[in-house]
Amino acid sequence: MSLLETKGLSVAFGGLWAVNGVDFQMEAGDVVGLIGPNGSGKTTFLNLISGLYRPTRGNILLNGEDISSLKPYEIFRKGIGRTYQSSRLCWNLSVIDNVLLGVNSKHEMGFWNNVFRAKRSDAEIFRHFEKALELLDYFNPQLVDKKYELAQNITHIDRRRVELSRILVSEPKVILIDELTAGLNQEETLRIMDDIKKVKSWLPDIGMIIIEHDMNVMQSIPNKIVVFNAGEKIAEGPYEAIIQDEGVISAYLGGAAV
């Protein structure tokens, strides 16, 4: 049984197939890179998996369970976390509060627990708080000292690290990463690449799907590349084979094989 699988996954907008008949499989521990020209369907594919779009046809399976019709928060509870091209942090909340939003829809607290099981609620809050601090420290120890700073006051790369921490605090099975390096310079991109590698060494069974235009990222992190063009999967395999594929060169790289 695959960790995540799609079967004939498709979605149409106004008669145009943005994603068309995509069969996809990943196992626990896989890191899959998605590449393709702008408008090829990569982000739409992630939007389908995370529940932002409902498939026109086809299925999405997580550990064999069909999640195709679930709402985004239900898919999140099942274990699929997501980052976006542009930051989705709450600027007027502190760093630690932004991280703790990752457990907001998964924790067991509520009115009755707070009233009649106060000790249990307090213990759960403390556990999540400690986990959030552990994650911040893992990516950048200085973020622990800045935990009560507003998110708008920290550097761009640290905002990206807070987004990663917000996903990881929810203990996901799969992470969808959409151009995490957007807006970063070359040095910051290398540091974020190291952060992603840290996640893999820390959580070896977690699955990742990464959209990234920086081919250095695609070469160094994923164990498999999937290529999209015009909403369809046109190639799949290790990086070394993909960059020699004539169909990929024609659709994406725009030149001779390298």
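**Contacts, helices and loops**

Biologist: Leaving aside its neighbours within four places in sequence, which residues is Y138 in contact with?
Modeller: Contact here means heavy atoms within 4.5 Å. Neighbours within four places in sequence are left aside for Y138, and the residues in contact with Y138 are then K198, V199, S201 and W202.

Biologist: Before we go on, what kind of model is this, and at what pLDDT do side-chain atom pairs count?
Modeller: Residues are numbered from 1 along each chain as its sequence is written, and side-chain values use heavy atoms, with hydrogens and water left out. This is a predicted model in which totals for chains, interfaces and linings use all residues, local features need pLDDT of at least 70, and side-chain atom pairs count only at pLDDT 80 or more.

Biologist: How many helices and strands does the protein chain have?
Modeller: Both kinds of element are DSSP runs numbered from the N terminus: helices are H or I with at least four residues, and strands are E with at least two. Counted this way, the protein chain has 11 helices and 10 strands.

Biologist: What is the radius of gyration of the protein chain, and how compact is that?
Modeller: The radius is taken over C-alpha atoms, and the globule rule is 2.2 Å times the number of residues to the power 0.38. For 258 residues the rule gives 18 Å, so the protein chain is as compact as a globular protein of that length, with a radius of gyration of 19 Å.

Biologist: What percentage of the residues of the protein chain count as buried?
Modeller: With a 1.4 Å probe and protein chains only, buried means under 20% relative accessible area, exposed means over 50%, and partly exposed lies in between. Of the 258 residues of the protein chain, the buried share is 50%.

Biologist: Is Y138 itself buried or partly exposed?
Modeller: Y138 sits in helix 5, residues 118-139. Because its relative accessibility is 25%, Y138 counts as partly exposed.

Biologist: Now to helices 7 and 8: at what angle do they pack?
Modeller: Axes are lines fitted to C-alpha atoms, for helices over the stretch in contact, and angles run from 0 to 180 degrees between N-to-C directions. The axes of helix 7 (residues 156-168) and helix 8 are 11 Å apart, and the packing angle is about 15°. Under 35 degrees counts as roughly parallel, over 145 as roughly antiparallel, 65 to 115 as roughly perpendicular and the rest as oblique. That makes helix 7, relative to helix 8, roughly parallel.

Biologist: Which residues of helix 7 and helix 8 make the contact?
Modeller: Helix 7 brings I157, R160, R161 and L168 to this contact. From helix 8 come E188, R191, I192, D195 and V199.

Biologist: Which residues of helix 1 are buried?
Modeller: Seven of the eight residues of helix 1 (residues 42-49) are buried, so it is largely enclosed by the rest of the structure. The buried ones are K42, T44, F45, L46, N47, L48 and I49.

Biologist: What is phi of E179?
Modeller: Most residues other than glycine have a negative phi. E179, buried at 16% relative accessible area, lies in the loop between strand 7 (174-178) and helix 8 (186-202). Phi of E179 is a positive value, near 50°.

Biologist: And where is N63 found, and what is its phi?
Modeller: N63 is in the loop between strand 4 (57-62) and strand 5 (65-66). N63 is partly exposed, with a relative accessible area of 36%. Its phi is positive too, near 50°.
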